[in-house]
Amino acid sequence: MQHLHGMNQAQREAILTTEGPLLVLAGAGAGKTRVIAHRVLQIINRGCKPEQVLAITFTNKAAFEMRSRISKLLAEDRGVRGGAYEVSAPPFVSTFHSLGLTIIKEHARLLGYKRAPSIYDRADSLRAIKEALKKTDTQNIEPRAALGYISRQKSDGITAEDFAATAENPHERSISVIWLLYEQTLRQSTALDFDDLIGVAVRLLVDNQEVRLSYQRRWRYIHVDEYQDTNSTQAQLTELLVGPQQNICAVGDIDQTIYGWRGARIANILGFEKTYSSAKIILLEENYRSTKTIIAAANDVIAKNIFRREKILYTNNAEGEALSLYQAFDETDEATFIVRTIKELLEDGASPRQCAVLYRANFQSRAIEERFLDSEIPYQVVGTRFFERKEIKDALSYVRAALGGTMADLARIANMPPRGIGKVTLIKLLAGREKELTGAVGQKVSNLHTLLARIAKAAAELPPSKLMRFVITESGLEALLKKDTIEEGERLENLRELVSLAARYDALPPQEGLELFLESAALASDQDELKDDADAVRLMTVHASKGLEFPYIFIAGLEEGLFPYDREEDDASDKEEERRLMYVALTRAQRKIYLSYASYRTIYGSKNATIPSQFLSDISEPLITGETGEKTVYLD
Ligand code: ATP
Ligand code: MG
C-alpha cells in the first residue's frame, strides 16, 4: 500500500475501488491520469495478471508514458515487497486505434482478409477522396471538408450504404457518391482508414459472440483516459469489451471536450451511469499542477459556458504570479516578445523543455519559428507530423510497394526519384496493362520491378534499420537529396532519423520487426513527436497539448476569429468548444502564463486590424498584468 501515500482521500478511493464500473470526474491537473496508473498497480497487487489489465489512452505518446509509468511503479513496488511476484507480460496499454488494429489483426482471416490490411492515414485518405472527386462531376466540394464529414459519420457508426439510403439533399447525395467510391478504393487496396480501425473491430465484436467473449475474458479490467473525447464507436468498442463483471474505469473532464468537431460525444461521459447502471462516481477536486492564480483564471474562463456542470477545482499550491498579457503590434512583434521572454526565463535558470508555446492554428507557428531560428534557443514544433513528410512517406512506400502494398504506394514511388515513368505509363501499370509497355518504357518498368523484388528480398532477411538504409540508397532517394540545398539536407536528415527509428525494432525477427515498425509509422498521431527527450521549447497547437503540463505556458494569437476560432458553420456548441480549448490551454501551466495578441495580423498577405479575444475579458482584472509592444513604424 506504499504507493497510496501522498494520494488524497478521493484519489485513494478511486484507486481502491477496483471492482465494478467507476467514473472519475475532475478538472484539469487533479490527478486523473495518475490515478489510472496507480489503480492498475492496485489491481495487479490484488492478484490479477498484468496482461489482463487494459488501459486506453488518447495518443501513442500518452500510451508510451503510461506504460513506462506503470512498469516503474511495478518495479518500485516489487522492490518494496522483496520480489514477491514476477511480472509475466505487461498490462496492455494502447490507443483506441492500435487496440482496434490488434483486434482486427488477430481475426484477419475471420474478417475475410488474405493478408493483414494496410492502414490509410489522413494524407492517404485525402488522396483517395481527391481521386473520387475527380471521378464524379460534383463541384464545390472541398476534399478536406468531405473527408471530415465522412469521418464524422463513420465515427458515429454509420456506413456508406446507410448514408446512401438516407441522403436527402443534393449535397448529401454528392457526399454519398464520393464516399462509396472512397470505400471502393479502400477495399481494392485491402486498406483501412483510421475510423475503420475502430468500426471494423466493433462490427466483429457485435457479430461474433465467441470472439467478444474471448476478449472479455482476456481483459478483466479496463481503463479509459480522456473519456470525454471518445466518439460513438470508441464508446461502443469499450462497452463490447467490458465483461459481465463490468470492471471499467473511465476518467475525464467534461470541460476538456475539444474534439467535438471530430465526432467526440460528451453524451458518452454524461450517460456513463445509464450505460453502466451500478456505476460509482468519484469527483477529484484538488489540482496539484498549477498555482492558485492559474486555477482562478481557468475557472473564470470556463464558468462562462452554459452547457456544463458546475464543479469545484482548487489548489493548495502557492498563489503564484499574475498572468501577463502582451499586446503586440503584429505577429512578428508577438514572436519577438515570446522568444525574448523565454530567453530571460532561461537566463534565470529555466530549461528550454519547461516552456511551451501554444496556438490555436498551425499557421501561427511559422512567424514564431522564424524568431526562434534567429535565436540560439532549441525548439521543436510538435505536429509537423514526421510520418507525413514527403521523404518519409516515399521511403516507407517503397517498402510497402515491395511487399505488395496498395496502389497508392506504387503510384507514389513509380517515378520518385524520376526514372522516366510518366503518367500514361503509370496508369497502364496500375491497371495491370503492363504488357502494352514495350521498348524503352517497358525496360524502365521492368527495372522498377527488379528494384522492388530486391527490396522484398532484403525485407525478409535484414533487420528494419538495415532494410531502411538499403531502401534509401538503392531507390535513389539518397542521391536525389544529396544535392546541396538546405531543405534537401534536412530531408536527408529526416531519412536518417527514420533509420534510427527503425533500429528500435532490430531486436525482433526481421518480419515481425518490420511489421511493427510500419504499424507504428501508420498510427503516429499529431501529438506524437520523435525526438521525445530533446531539451527544447515545444511549439504546438492547443489540441496537441491535451494531458500535458509545463511550468511556463505561452498562449499566442488571442484575437477574435483566431482564438476563439471562427468556424464556417458556427453554432453555440462550437463557441463553447472554443472556450473549453482555452480552459485546456490555461490549465497546462504549472507556474506562469504569458498571453499575447497582435493588433495587426497578416492573413493571406494582407495586414488586418484585430479585436482582442473575448477570453481575455473573461479573466478577472487582478489576475492579469499588461504590457504593450513597441509600435514598429512601417513605411509603405
Ligand atoms: P489533465 O486533465 O490535464 O489530463 P489529470 O487530471 O490527468 O490532468 P495528472 O496529469 O494525473 O492530472 O496530474 C497532474 C499533476 O499533479 C501531475 O504532475 C501529477 O503527478 C500531480 N499529482 C496528482 N496527484 C497528486 C498527489 N496526490 N500528490 C502530488 N502530486 C500529484
Ligand atoms: Mg490526464
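**From a buried strand to the ligand site**

R538 sits in strand β14, which spans residues 537–541. This is a predicted model. R538 has a relative accessible area of 11%. Buried means under 20%, so R538 counts as buried.

Turn now to the ligand.

Which atoms make polar approaches to the ligand? Start with G6. One of its backbone N or O atoms lies 2.7 Å from a nitrogen atom of ligand 1. A30 also takes part through its backbone: a polar atom there is 3.2 Å from an oxygen atom of the ligand. T33 uses its side chain instead. An N or O atom in that side chain is 2.8 Å from an oxygen atom of ligand 1. How much of the accessible area of ligand 1 does the protein cover? On its own, ligand 1 has 630 Å² of accessible area, and the protein covers 84% of it.

Next comes L4, in the segment before α1, the helix of residues 9–16. Is L4 buried or exposed? Its relative accessibility is 7%, under the 20% limit, so L4 counts as buried. Leave aside the neighbours within four places in sequence, and L4 is in contact with R12, I15 and L16. Take I15 as one of these partners. L4 and I15 are 11 residues apart in sequence. In space, their C-alpha atoms are 8.3 Å apart.

The last stop is N231. This residue is in the loop between β6 (221–224) and α11 (232–241). A relative accessible area of 8% makes N231 buried. What does N231 touch, beyond residues up to four places away in sequence? The partners are S155, G263, A264, R265 and N268.

Key. Residues numbered from 1 in each chain as written. Chains lettered and ligands numbered in written order. Predicted model: local features only at pLDDT ≥ 70, side-chain atom pairs only at ≥ 80, totals over all residues. Heavy atoms only, no water. Helix = DSSP H or I, 4+ residues; strand = E, 2+ residues; numbered from the N terminus. Buried < 20%, exposed > 50% of the residue type's maximum accessible area, 1.4 Å probe, protein only. Contact = heavy atoms within 4.5 Å. Polar contact = N/O pair within 3.5 Å; in protein donor to acceptor, adjacent residues only side chain to side chain. Areas by Shrake-Rupley, 256 points an atom, 1.4 Å probe, with all protein chains shown as cover.
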